[in-house]
Structures are given as C-alpha cells and as structure tokens.
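Me: I have a two-part question list for this one. Can you go through it with me, starting with how the domains sit?

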Amino acid sequence: MRAGGALGAIAILGVVATACSDEPSPVSSDMSSRDITITVAIDGTAERTRVSGYFATPSSQVRLVGGDTLTVVTETTARHLALRDSTFQIDLPPYGGPVAVRLTRPEGRGGDVEARARVAPPFVVRPPDAARASAPVTVTWEGGTRRDFATTLSLTGPCITPQSRPLGLDTGSYTFNAGELEKKGVAARCSVTAKVVKKLDTAVQSATVDFPITP
Amino acid sequence: MRFAIVPLLLLCPALACALVGCASDSEIRESADVVAADLGMAVTVQSNGNTAVVELQLSAADYYPLQISPQEGLVLDAPGAPTTAFAVLGDRAFLTVATTGSTFFLRHTRPDGGRTRTLELPPAFVVEAPEKASRAEPITLRWTPNEDEPVAIVATSSCFTGSVGRRLERDRGEYTFSVGDFRIAGTPECRLVFRVTRTLATRDGRDSVTAHQVRTVTVESTP
C-alpha cells in the first residue's frame, strides 16, 4: 500500500516536471512572417495609453531573436517593446491618433509584420452641479469625435438605477431625464460614477468621474 | 450487478425510456382533457385606443399550453362592439375588436362549467410630440402620467438600424430624447417612430393578464 502511494507521488511529480520544463520557447528567427499575426489592443485614459497585445504564431510562446525587433509607433513617439510569452504591453503618455505595432525583420524572413489601430483623443468627463436623481442630470465631456468611434456613457452607483447609453452621436453632453436615475425604494445620497468610453475596434479611450447625488 | 444498471439508466435517458417507456415530447394535450378547476388562462391584451388585440392560451397545472379544444367557448364583450368569438389556432386563440374601451369581459364556457374574466387595461392616454424636430434639438414626448404602471418607449426609424429603448419605472408623463440618442447620418429627412407602452400585469391563481396601452407617434426629423 505504501509502495503504491510512493509510485503515485512519483508519477504526479513527473507530470508536474514535464509541464514546468525549462525547454526554450521557439524563436522568431525560425518563423516566416506569414505565420505571424499581431493583435493589438489600446486602453487609453487621461493618465496613460496602454498598448498591449499578443503574437499569434504556430507556437503558443515565441522569443524574438536574431534581429527581429518590435516597436510601437505613434505620431509622437516610437518605443521598442519586449516580448514576454508572446504578449507585450507598454504604457505611453496620454495620446489620441494612429498606433502601429511593428515587427521589423531582417531580410529573408518574409518582410515586416504590422498591426494598426486608432485611438480617440484623451478627454475628461465633467460632473453635473448638485445632481439630484429627481431632476435632470447632465454629464459633459469633450465630444465631437469622429463618427467611426462608438461612444457609450454609463452611470452607476448604489442609490441609482444604472444607466447605459450607446450614443448615436457624440455631442459631448448627455442629459438623463428627471427621475430616470431614481431607484425604487431607495432615497439616499451616494457617489455615482460616470464613465464615457470611445471605442474603435480594439482601441478604447475612456474617462470617468465620481460625483455625489441626492434624491 | 443489479444496482450497477441504475446509474447507467440515469446517464442514458434514451435507454431508460426504451426500457420503461416515456411520454413523447410531441404528445399533444387538449384542453378538453383538463377539468375546469385545473385550467389556467394566460391573456395578453393590447390596445392602441381604437382597436384591441387579445390573445390567450389555456394551460394545465404544469403551465404548459394546451391545444384548445372545439368544446371551449371563448368570446369577448368590449364597450361599443358586438360580442366577438375568438379564432382558435392550435394552442392559441385570437381576436381583434374595434373599441375605445379599457375594460373587457372574456367569457369562457365549457361543458363542465364556465367563468368570466375581466380584462382591465391601463388608463388610456394620448402622446403629444412635435410634428417636426431638428436633429440638433432634443425631442420631448408628453402624455398624462399614471404612476401605477411602468412605461416603455421604443424609437425606430428607417434612418438608423436597431431601436432606441427606454423603460421608465416612474411615469412622469414626459420623456426627452437627447440629440446623441440617434445616429442619423447623411439623410436629409427621416421619420422617427416612437412607441409608448403602458403595461398592467395581474395574476389571479393560475390566470394571468398582461394588458398594454400602446400609442405611436411619428416625428419628422430634419437636419
């Protein structure tokens, strides 16, 4: 019985050791450009622009070697990126405009690979003055962005009925009707978060503001 | 060994059914097979102020709809309209009646008894809206409020895809759509259709009535 338990433990350890082996991940120099796609996502706020993404390759992990370099390029900066387990992430200053993540390759590997995105300009949301749930509540922000950005405004808080407005037209302000935020059976003061998101494909620019609301 | 077959049957309903027999999903049950005391009725009534559309289903204790048997007598009495019989189609019965009333009487007769159910609509109302509205201005709809029932508003148009919906838990008798609510691009003029629905839902034992007052207004949206 004791011998059987020992054998089981050895078998489990073997499986764990195999899963955690230090076998080196494939290197980018072995891959043709046509086997590599880059997916990029942008999460922008008034504080920073986070560019992240991953490499889709025949292997789940890849290391950049032998002259392959990864760069994030905007209208204002170009920064080298490090690849970690096929993923990358870098924080840039607040930014709006085109973004390219480019894998520059030496000759003979099938040419450069690039992923592009466009992020809306950073903006701030302004809270209403002395908001009351029983009265119209107006939230404002820098609007008027291109029509291809999908803008959504949301309001959440423990004492209001949560609201989400996918806006057909981003005018930079939105007024919730009197009573629209009221929550049945709740007549308390609380903090409400207004969040505006401007999205184009995988690029998001968002801003939030907290403000008090009374019944 | 005898007990080993039990989990096997639990895992394989088809085998279990083959051995012990199961009711088929396609088995049709008729309302005539259910005694009046066990019969439930689900009614939906919708009025636009001039015409009411009523639809009903009969169900047994398990709430599954029954095929409505020819023995069921189903008629409606509505103000200003002659007594009208329901048309039966499978497990549903329908009728449309021209009436401005808000209270109807649904009479159900069958060989083992009968009953009359009152169908109460929410209060009638009229929606006021501008005939034309600039796309640069908000659009306000107004009606007589009734705080007892929630109000739903749905805006549709051939000028944008999908719909814009609002549900007002508290009826204040007006709602203003913001300029940003609609995505109308590159169209000189277009019609926005607003459908305002006031709903009253009641339940009495196995019977339920969902009554809607619906009003529709159209606004010409100009650039």
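Me: How many Å separate the centres of domain 1 of chain A and domain 2 of chain A?
Reply: 34 Å, taken over C-alpha atoms. This is a predicted model, in which local features need pLDDT of at least 70, side-chain atom pairs count only at pLDDT 80 or more, and totals for chains, interfaces and linings use all residues. Residues are numbered from 1 along each chain as its sequence is written, with chains lettered from A and ligands numbered from 1 in the order in which they are written.

Me: Where are the bounds of the two domains in chain A?
Reply: Domain 1 of chain A is 23-119 and domain 2 is 125-214. The bounds come from an automatic or database domain assignment.

Me: And how many residues does the contact take from each?
Reply: 11 from domain 1 of chain A and eight from domain 2 of chain A. Two residues are in contact if their C-beta atoms, placed from the backbone, lie within 7 Å.

Me: Which element gives the most on the domain 1 side?
Reply: Strand 1 of chain A, with five residues. Strand 1 (37-44) and strand 7 (113-119) of chain A are the elements giving two or more residues to that side. Strands here are DSSP runs (E, at least two residues), numbered from the N terminus.

Me: What classes are those residues on the domain 1 side?
Reply: Six nonpolar, three polar and two charged. Ala, Val, Leu, Ile, Met, Phe, Trp, Tyr, Cys and Pro count as nonpolar, Asp, Glu, Lys and Arg as charged, and the others, Gly among them, as polar.

Me: Now chain B. How far apart are its domain centres?
Reply: The C-alpha centres of domain 1 of chain B (31-120) and domain 2 of chain B (132-222) lie 29 Å apart. Their contact takes 13 residues from domain 1 and 11 residues from domain 2. Strand 1 of chain B gives the most to the domain 1 side, with eight residues.

Me: Which residues of the largest nonpolar core touch the most other members?
Reply: B:Val43, B:Val45, B:Phe104 and B:Leu119, out of 23 residues. Such a core is a set of buried Ala, Val, Leu, Ile, Met, Phe, Trp, Tyr and Cys residues joined through C-beta atoms within 7 Å. Buried means that 20 or more other C-beta atoms lie within 10 Å of a residue's own.

Me: Where does that core lie?
Reply: Domain 1 and domain 2 of chain B both give residues to the core, so it lies between them. Strand 2 of chain B gives the largest share, four residues.

Me: What is B:Val45 in contact with?
Reply: Leaving aside neighbours within four places in sequence, B:Ala52, B:Val54, B:Phe104, B:Leu119, B:Leu121, B:Val209 and B:Ala211.

Me: Back to chain A. How do strands 11 and 12 run?
Reply: Strand 11 (residues 150-156) and strand 12 (residues 163-167) of chain A run antiparallel, joined by five bridges. DSSP must find at least two bridges for strands to pair. A hairpin joins these two strands through six residues, and A:Thr151 has A:Leu167 as its bridge partner.

Me: How many residues does the contact take from chain A and chain B?
Reply: 15 from chain A and 14 from chain B. The chain A side has four nonpolar, six polar and five charged residues.

Definitions and conventions:
Buried ≥ 20, exposed ≤ 12 C-beta atoms within 10 Å, placed from the backbone.
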